[in-house]
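Subject: Structure handover

Hello,

Here is the structure I promised to pass on. Please open it alongside this note; my findings follow below.

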Amino acid sequence: MEQLAAALAAEEAAIYAYGLIGVHLKDNEQDRARAAEQEHRERRDLLVDRLDELKASAAPNPPGYALPFEVADRTSALRLAVHIEDGVAQAWRVVLPVTTDTERADALSAMTDSAIRATRWRKLGGITPLTMAFPGRAG
Amino acid sequence: MVLTDRVAIRETGHTRRRVLATAGAVAGATTLGGCFGDDPEPPPAPDALQPLLDEALTMAAAYERAVVAQPALADRLTPLAEDHRAHATELATMIGATLPSAVAAPSASGSATDGDSTADLRKAEQTAQKNAVAACRTAPAERAALVGSIAASRATHAEALR
């Protein structure tokens, strides 16, 4: 299922990005970043299992992740965290129409968790507005 | 032939009376129907997403009242009200509903209360989120993404109000 493979790629990208983000943050923010990274790892593992069940071959990991901008300080680190969570929400949103029942509810949970984290990072970074009308919608 | 004619005449008499009675009844029904609109059909069952649309408008209005009562909260609350209005607009398009054209401007002088507190609003968002999650779960595929985004947006509102 290509939508799940794309969600997996987004989760992998998030795990990678949080590794770069944490060092630029304050102590309590680093805790949040670590917790976020852990949640992305758990989603990643679930996706790997699910794709395995579906006998779908997960797309091989890209050799590196192109960051949209350089992370040099706390401000850019928080901006990257927002960007990453928005991207994960977008990847999960396209899973909704191709799933039903529990599987759709799980995809919505993943999308919602990312949207909430994006709002938290915006709050910490003083980025407004804190919310979007349609999380997961590109653009 | 003669017999047939007499029967026909009698039948016609009956029929005419019945036609007149029926015509009266139809006229009455039409007049009665006119009170409720010209459509004689029973109204179609409301769309499954109508409650979500109503809730979006209710939430938007609650924020707008709170801003009138406490203008200092405008920067925080107005974007959230705008999100709900955007939800209502897209839901209305999706289900072919018409939004109320003019929303009465809330007035502080007319209300006895200070509007909902942010804690009340947060609680209302959490309930609204649950309703949207349930709606997303049962929505047909072509509606799942929009309803899912609305559920997620409501969740972020609760977070923004913390």
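Contact here means heavy atoms within 4.5 Å. This is a predicted model: local features need pLDDT of at least 70, side-chain atom pairs count only at pLDDT 80 or more, and totals for chains, interfaces and linings use all residues. Residues are numbered from 1 along each chain as its sequence is written, chains are lettered from A and ligands numbered from 1 in the order in which they are written, and side-chain values use heavy atoms, with hydrogens and water left out.

Chain A

Chain A has four helices and zero strands. Its elements run α-α-α-α from the N terminus. Helices (H or I, at least four residues) and strands (E, at least two) are DSSP runs, numbered from the N terminus. Chain A holds 139 residues, and 45% of them count as buried. Buried means under 20% relative accessible area, exposed over 50%, and partly exposed in between (1.4 Å probe, protein chains only). Accessible areas come from the Shrake-Rupley method with a 1.4 Å probe; for residues, only the protein chains shown count as cover. Take the contacts in chain A between residues at least 6 apart in sequence: 76% join residues at least 24 apart.

Start with A:E29. It sits in helix α2 (residues 27-53) of chain A. Is A:E29 buried or exposed? A:E29 counts as buried because its relative accessible area is 2%. Leaving out residues up to four places away in sequence, A:E29 touches A:R74, A:W121 and A:L124.

Now A:A10. This residue belongs to helix α1 (residues 2-21) of chain A. Its relative accessibility is 14%, so A:A10 is buried too. Neighbours within four places in sequence aside, A:A10 contacts A:G87, A:V88 and A:A91. A:H40 is 30 residues from A:A10 along the chain, and their C-alpha atoms are separated by 9.2 Å.

Chain B

Chain B has five helices and zero strands. Along the sequence the pattern is α-α-α-α-α. Of its 162 residues, 31% count as buried. The accessible surface of chain B is about 9,900 Å², and carbon and sulfur atoms account for 60% of that. Among chain B contacts between residues at least 6 apart in sequence, 80% join residues at least 24 apart.

The interface

How do the chains meet? On chain A, 23 residues are in contact with 29 residues of chain B. The area buried between the two chains is about 2,000 Å², and carbon and sulfur atoms give 62% of it. Buried area is the accessible area (1.4 Å probe) that two parts lose on being put together, summed over both.

Two salt bridges are counted between chain A and chain B. A salt bridge is a side-chain nitrogen of Lys or Arg within 4 Å of a carboxyl oxygen of Asp or Glu. One of them joins A:R120 to B:E159, with the closest N and O atoms 3.0 Å apart.

There are also 13 residue pairs in polar contact across the interface, both residues at pLDDT 80 or more. A polar contact is a pair of N or O atoms within 3.5 Å; within protein, one must be able to donate a hydrogen and the other to accept it, and residues adjacent in sequence count only if both atoms are side-chain atoms.

Best wishes
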